[in-house]
Amino acid sequence: MDSGLRKHLNILDYTLLSLWRRRLKNLSILLVFAGVIFLVASFELVTQALTETADRALRNVPEITLQRLSAGRQETVPLTYMERLRGIFGIREIVPRVWGYYFDEVSGANYTVMGMDRRRMPGGKEMDLALARGDMPDPEERGAAVIGQGVETVLRQKGGSLLSLFRPDLSQVSFEIAGVFAPATDILTSDLIVLHPEDARDLFRIPSGMATDLLVYVANADEVSTIARKIATLLPDTRVLTRTQIRKTYQVVFGWRSGFASVCLLTALTAFVIFAWDKASGLSPEERREISVLKILGWETADILAIRFWEGLLVAGLAFVLGCTAAYVHVVFYDASLFRPVLVGWSVIRPDLRLLPTPELANFLLIFCGSVLPYLAATVIPAWRSASVPAETALSGM
Amino acid sequence: MLIELDRVSKTYNQGLPNEVAAVREVTLAIADNAMTCLRGASGCGKSTLLAIIGCVFQPTSGRVTVAGKQLARLPDRFLALHRRQYIGFIFQRFNVLPALTVQENIVLPLIPLGLTPQQMRERAGILMERFGIVHRRAFPAGQISGGELQRVAIARALVNDPPLILADEPTAHLDSRLSNEFMDCLAELKAAGKTIILTSHDPLVTGHRAVDQVIDMQDGRIHVS
């Protein structure tokens, strides 16, 4: 083996010995650093998992959703708009949807109630596949509801088998539970109640001939933006939302939450790096003596720096591996229980979805660059000063 | 002539109010295979002169030639290489690292040489055998006696087989028995062909039979009485 390489192996060996000698100090730094990386990596993985889950769930969302706005607020859409849209070439199907939010005073939860004719929706039959149990009710069947996991939990807590809701005039209407959505779709369905369109219209007292919005299905995905532009021109009082825009909204929501948390955590990381800098630049008398002894014994400044570099790399590298592994276990096996309330919660009903992030090299590289490299810089740069300890310190009989 | 010093001076904190001239215009020649003792009161500049010979300090002015090489003004890297190849140091308090084992302390000068762990262990083993500390091989240096510590320091100074041994006040913290043992050990090294320079004001050292030359120092200068 080349003697230069052998020399570096010897220095690495000495570094390991040195780390072991100061194991208490190094272990405490390692644990704090691993903790900070764990927090950053957990947020990164949770955000990624949520975005992926939302992406998967949004695959069946119509290409275009049409809403009507008046004075900046959403209004019901006349069904006559459907006729006007049929003139646009490339539209495959238009489905009116009746939906709204329902506040349950007993549980304090907000439900999303939706009524739509799934027979007219392309892929509407596949909705059965999204159910954990039961079936989507027959399109003609009134008085039946399909609910999300969160709604079912509230219903179970109340101890009832019928879903009882109140109209605006406080008259009650009850629904049989025909099916429950699967947990995999929780991010979109947890608080959802799907009814017959007429039941939903009745519950919200929406006049017949009106819908909350229109779902527009497009034959060619490449034409979505063109068709959306045509709709916006044809119906200037409407807001035209494409699936891409909705996906972006989800990404922004998760990104904002994650970004906010990341800023807080980066502050912690910065504080840690400053602490590491401070520790690395202040040398104990023992360390000063050791360095000066080594220099007199023929070690070069570069050799002392190599020790510091390896020390930093080993501590930071190990902290990185530990932190990232713990974050993965926390997110995948414990469903990110520490951060769910921050990142997943929208209302009292929180989606009980299973988070399965796909580990991406870019994410870990980002965390590596944001943690290990600053730590190395914070320890190696001041080590230059340490390595320049005058060798005579040992001669003066310290 | 192994070592030549030509009008060597060393001034600390030059140009500052606390400027100190530790060594002034010293001209000196030390022969090969001799034991030379620099004697003088504390603060007379003998340790500084030893450090200049050992390439730990650069002189402020003057010329230092060791084994035919002019060392003043050489970059740090070359001085480190020179110390590794030519010089073995024995410090005042031995400066053995207490947390390392006896063997780990002895092999410290060998680490930058790029030897294999086995080669390093073999070299250390020979010296530990020679100085009777092989049974302490795996002991932390902080847990061995003063006499053993002294032998560890000598073994460490010899492990890279340097032709020149420098010892700074080596008996300052030893009793007379250990001081005699130490000097006898240096005498053996001299007999084996080493050149030895030490600083001391201990009569046990300056009066030892193996010392060839005693150089008195006062106020940074060589004092001729």
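**Exercise 1. Find out how S1(B) and S2(B) pair, and where they sit in their sheet.**

Step 1. Strand S1 (residues 3-12) of chain B and S2(B) run antiparallel and are joined by seven bridges. Strands here are DSSP runs (E, at least two residues), as helices are (H or I, at least four), numbered from the N terminus; two strands pair if DSSP finds at least two bridges between them.

Before going on: this is a predicted model, where local features need pLDDT of at least 70 and side-chain atom pairs count only at pLDDT 80 or more, while totals for chains, interfaces and linings use all residues. Residues are numbered from 1 along each chain as its sequence is written, and chains are lettered from A and ligands numbered from 1 in the order in which they are written.

Step 2. Pick out one bridge: Tyr12(B) has Val20(B) of S2(B) as its partner.

Step 3. Zoom out. The open sheet has four strands in the order S2-S1-S4-S5 (chain B), with antiparallel pairing. Its edges are strand S2 (20-30) and strand S5 (69-70) of chain B, each pairing on one side only.

Step 4. Helix H1 (residues 46-53) of chain B lies across S1, S2 and strand S4 (61-66) of chain B, at about 60° to S2(B). Axes are lines fitted to C-alpha atoms, for helices over the stretch in contact, and angles run from 0 to 180 degrees between N-to-C directions.

**Exercise 2. Work out which strands S3(B) pairs with, and how covered S3(B) is.**

Step 1. With strand S8 (residues 195-199) of chain B, S3(B) makes four bridges in the parallel sense; Thr36(B) is partnered there by Ile197(B).

Step 2. With strand S9 (residues 213-218) of chain B, S3(B) also runs parallel, over four bridges. Leu38(B) has Ile215(B) as its partner in S9(B).

Step 3. Check the burial: in strand S3 (residues 35-39) of chain B, four of the five residues are buried (20 or more other C-beta atoms within 10 Å of the residue's own, C-beta atoms being placed from the backbone).

**Exercise 3. Describe the side of chain A that touches chain B.**

Step 1. Count heads: chain A puts in 25 residues and chain B 24 residues, a contact being two C-beta atoms, placed from the backbone, within 7 Å.

Step 2. Find the elements. Two or more residues each come from helix H1 (3-21), helix H9 (285-296), helix H10 (301-332) and helix H13 (392-395) of chain A. H1(A) gives the largest share, nine residues.

Step 3. Sort chain A's side by type: eleven nonpolar, six polar and eight charged.

Definitions and conventions: Ala, Val, Leu, Ile, Met, Phe, Trp, Tyr, Cys and Pro count as nonpolar, Asp, Glu, Lys and Arg as charged, and the others, Gly among them, as polar. A residue is buried if 20 or more other C-beta atoms lie within 10 Å of its own, exposed if 12 or fewer, and partly exposed in between; C-beta atoms are placed from the backbone.
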